[in-house]
Amino acid sequence: MTTIDLPERAGESASADGGALAKSKRARKLSGGSRVAPFLFLLPFMVLFAIFFLLPIAYAIYQSLFHTEVSGLGLGPNSTVTKFVGLGNFSSVLSDHSFFSGLGRVILFGIVQVPIMLALATVLALLLDSASTRFKRFFRLSFFLPYGVPGVIAAILWSFLYLPGLSPIVSILRSAGFGTINFLGIHSVLWSIANIITWEYTGYNMLIIYAGLQAIPQSLFEAARIDGASEIKVALKIKLPLIFSSIVLTAVFSIIGTLQLFSEPQVLRAVTTNISSSFTPNLLAYTKAFVENDPNVAAAVAVILALGTFILSFGFLKLVQRRAFSEVEL
Amino acid sequence: MGFQGSISGFFKRSSKGIALGLSVATLAAACGSTASSSTSTSPSTTAGVVHLTFWSWVPGLQASVNMWNSSHPNIQVKLDEVTSGAAGTYAKMFSALQAGNAPDLGQVEYPVIPNFEHVGGLVNLAQYGANTYKNDFVPWTWNQVSQGGGVYAIPQDTGPMGLFYRADLFTKYGLTVPTTWSEYLADAQKIHQQNPNAYIAAFPASDSAWFSALAWQAGAKWFNTQGNSWVVNLADPATMQVANLWQTMISQGLVKVEPDFSTGWYKDLSDGTILTWPTAVWGENTIATNAATTSGDWRVAPMPNWGNTTVDGNWGGSTTAVFKDTKYPAQAAQFAEWLNTNSGSINNMITTGGLYPASLAGQKLPAANSPVAFYGGQNIWQVFAQGSKAVNTSFLWGPVMSTTFTQLNDAFAKATTGSGTLADAVTSTQSATVSAMKQQGFSVTAG
């Protein structure tokens with residue numbers, strides 16, 4: 001922020017000092033081609049942003065306001081009309097029991113999985129950053145490696161590890177006397193998915209936090225050591241507060257990711273019957289759009305989900321903002 | 001518009017000539033002519049040559065299309081190989097219809113035809129002489145592609161049902177091949193008494209299409225039309241009979257609840273955990289490919305029956321439909337009819353596509369009548385030819401089958417994890433289907 005502010009402030013003071021002359025000079029400088037230049041530079045971004053971001057969102061909102069209505073048997077060319085229904089699709093989604101059970105499921109998932117994953121990521125980042133750690137590069141790479149495996153592939157890999165009869169984990173646990181553990185049962189499957197997500201994204205979040213740690217000036221640690229602080233004390237009292245904003249960032253990403261849970265449950269549906277077609281809100285939207293051929297209701301689900309994600313992630317930011325930003329200013 | 005008019009004028013004038021050409025081509029292809037790859041579609045649109053696009057996922061269909069293209073220089077078909085309908089092609093077709101740029105022709109499975117009909121996506125082929133082919137096809141297929149006086153697709157293949165069973169394990173456990181479903185239940189109990197880790201079958205809770213085939217066999221009539229209204233009757237006595245049988249087997253632990261076509265299921269088919277699979281003719285290839293180590297162990301018997309009369313069900317199969325956006329409906333209809341009645345084309349679809357034809361003449365081709373080594377040299381096709389004749393002809397699909405199947409899948413999954421029974425699942429799907437149809441504006445009466 002400060003680096004951007006500087007030239008502006010300089011300009012202001014210059015115009016204040018130099019008076020009318022400087023002002024007119026500045027106006028001349030910005031007139032003609034040079035005033036357009038910034039926009040020209042922005043144009044490629046703005047065009048792509050509009051085409052691939054704003055337009056689809058606008059189209060989804062537009063779609064969500066219509067409904068295809070059939071009359072009679074629904075046969076013949078004139079039996080189907082698409083008409084404007086206002087918020088009709090939204091009310092039908094909001095009165096749909098399966099939407100809320102899916103939403104409740106991902107929220108429960110987020111409450112349990114996100115803190116575990118972020119705690120793990122923070123501990124791993126602190127361990128990597130600790131002065132006494134050896135083979136740092138090796139560990140950094142191997143923690144991050146799961147993120148390099150595409151989500152769908154990871155889910156397929158794990159599905160083999162969960163399948164009774166194929167899974168070495170299941171058979172090892174059985175021979176160790178734990179009985180046959182069903183990772184894909186009606187109650188356990190959600191946590192099996194949580195395990196996949198944790199495996200996949202801990203390293204990624206660790207890297208963000210680790211990058212935050214790298215940005216802390218070494219002088220702070222030196223000062224602490226001179227004052228006699230132990231390695232653990234440095235981690236808890238200096239590093240942890242300073243990387244709080246990084247943790248907030250990873251938390252927001254994780255909340256968004258959790259609400260959009262889709263590919264892992266979709267892949268696991270092939271090996272278990274315990275993941276319904278509306279297991280997560282995104283899966284419900286997918287089912288509506290691509291199985292039931294009802295893009296309008298799917299658009300409504302997507303818009304509601306986007307709003308919910310927006311509210312939750314910004315709500316979370318608001319909640320931790322004061323603390324996070326006060327630490328940044330330090 | 002002028003160009004289009006002149007083309008259709010040209011076609012009308014020369015329709016006799018084309019019909020003649022067709023029969024010659026039929027003869028030539030019947031002699032087993034192989035496809036010549038040299039006759040690829042020319043990029044230039046010469047006057048008088050019609051170009052059609054066809055979306056299909058049948059393996060090796062290009063050979064059939066090549067046969068057509070070489071014998072019909074004025075109607076050139078371009079085949080686009082797409083993923084199977086449920087894997088995304090239907091979604092693509094529906095979007096394309098909405099956008100007005102659907103292909104001329106497409107592969108459509110029977111249960112989806114009413115869905116395409118109600119979005120006005122299909123051309124009525126009756127006006128292009130489709131009704132003359134009525135008696136060339138298995139009767140139930142024609143009932144499913146026609147509605148009132150209209151014909152909305154040409155049947156391509158079918159999936160008559162049979163009982164695939166492990167002959168070696170049946171001997172081991174001292175079982176006789178069941179001819180009725182009560183004998184099937186008795187066999188299931190015998191198997192499980194002798195080996196608690198062996199099951200007569202898997203119950204695929206997430207595959208309600210399979211269940212629909214069993215209900216079809218039992219004489220269910222899920223959908224029907226009465227005047228200008230749909231009659232929905234999912235929970236009829238025949239369906240309930242099927243639901244109760246499988247519920248009994250689930251409750252007693254005689255069947256293994258797991259998704260079909262999954263890794264675990266393939267393993268169970270291979271290692272003798274599952275002894276039978278009541279399925280359609282195309283299951284032949286599924287077992288042979290995914291349980292290759294059991295070669296020689298499987299045999300096929302007619303489906304167990306509910307009473308004394310032999311009735312069969314059908315699972316799968318598809319049709320060739322003409323989409324509304326085509327500029328050349330007559331030519332497209334002609335291709336669809338040729339594709340599914342020409343013996344050379346059908347022979348190709350049997351041998352490379354693994355389809356069991358809907359054409360009665362096609363079912364008599366040698367390719368669909370030879371012993372199969374994997375099944376110990378049994379001529380399994382005879383079972384399915386008999387089954388095909390016995391398929392209940394009155395079964396119809398509803399207009400929102402994808403919703404019905406999704407609901408039934410979810411409800412079955414719930415039932416198999418202890419909340420409710422399969423019968424409850426059927427009942428709840430009945431009401432869910434009726435309310436989904438009402439919400440979309442259909443006029444519905446619950447049966």
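**Entry 1: the two chains**

What percentage of the 447 residues of chain B count as buried? I looked it up: 52% of them do. A residue is buried if 20 or more other C-beta atoms lie within 10 Å of its own, exposed if 12 or fewer, and partly exposed in between, with C-beta atoms placed from the backbone. I noted that this is a predicted model, in which local features need pLDDT of at least 70, side-chain atom pairs count only at pLDDT 80 or more, and totals for chains, interfaces and linings use all residues. Residues are numbered from 1 along each chain as its sequence is written, while chains are lettered from A and ligands numbered from 1 in the order in which they are written.

I turned to chain A. Its 330 residues are 30% buried. Chain A has 15 helices and two strands. Chain B has 17 helices and 17 strands. Helices (H or I, at least four residues) and strands (E, at least two) are DSSP runs, numbered from the N terminus.

Next I looked at contacts. Two residues are in contact if their C-beta atoms, placed from the backbone, lie within 7 Å. I took the contacts with a separation of 6 or more. In chain B, residues 24 or more positions apart account for 77% of these. In chain A the figure is 69%.

**Entry 2: the cores**

Which residues have the most contacts inside the largest nonpolar core? I found B:V255, B:V322 and B:F335, in a core of 135 residues. Domain 1 (2–158 + 317–364) and domain 2 (161–315 + 393–446) of chain B both give residues to this core, so it lies between them. A nonpolar core is a set of buried Ala, Val, Leu, Ile, Met, Phe, Trp, Tyr and Cys residues joined through C-beta atoms within 7 Å. The domain bounds come from an automatic or database domain assignment.

I checked B:V255, leaving out residues up to four places away in sequence. Among the residues that B:V255 touches are B:Y199, B:F203, B:W246 and B:M249. A second, separate core has 56 residues, including A:V114 and A:L118.

**Entry 3: a sheet in chain B**

I traced an open sheet of five strands in chain B. Its order is 2-1-3-15-6, with mixed pairing. Two strands pair if DSSP finds at least two bridges between them. Strand 2 (75–81) and strand 6 (154–155) of chain B stand at the edges with a single partner strand each, so one side of each has no neighbour in the sheet.

Then I followed one pair. Strand 3 (residues 105–109) and strand 15 (residues 318–322) of chain B are antiparallel, over five bridges. Within this pair, B:V108 has B:T319 of strand 15 as its bridge partner. Helix 13 (residues 329–341) of chain B packs on the sheet and touches strands 1, 2, 3, 6 and 15 of chain B. Its direction makes about 165° with that of strand 15 of chain B. Axes are lines fitted to C-alpha atoms, for helices over the stretch in contact, and angles run from 0 to 180 degrees between N-to-C directions.

**Entry 4: a hairpin**

I moved on to strand 10 (residues 223–226) and strand 11 (residues 229–232) of chain B. They pair in the antiparallel sense over four bridges. B:F223 stands opposite B:V232. Two residues lie between the strands of this hairpin, where B:G227 takes a positive phi near 65°.

**Entry 5: where the chains meet**

How many residues does the contact take from chain B and from chain A? I read 33 from chain B and 27 from chain A. Helix 16 (401–416) of chain B is one of the elements that give two or more residues to the side of chain B that touches chain A. Helix 16 gives the most to that side, with seven residues. By class, the side has 10 nonpolar, 20 polar and three charged residues. Ala, Val, Leu, Ile, Met, Phe, Trp, Tyr, Cys and Pro count as nonpolar, Asp, Glu, Lys and Arg as charged, and the others, Gly among them, as polar.

**Entry 6: one loop residue**

Is B:L275 buried or exposed? B:L275 is buried, because 26 other C-beta atoms lie within 10 Å. Its place is in the loop between helix 11 and strand 13 (276–280) of chain B. B:L275 and B:F164 are 111 residues apart in sequence but 8.4 Å apart in space, C-alpha to C-alpha.
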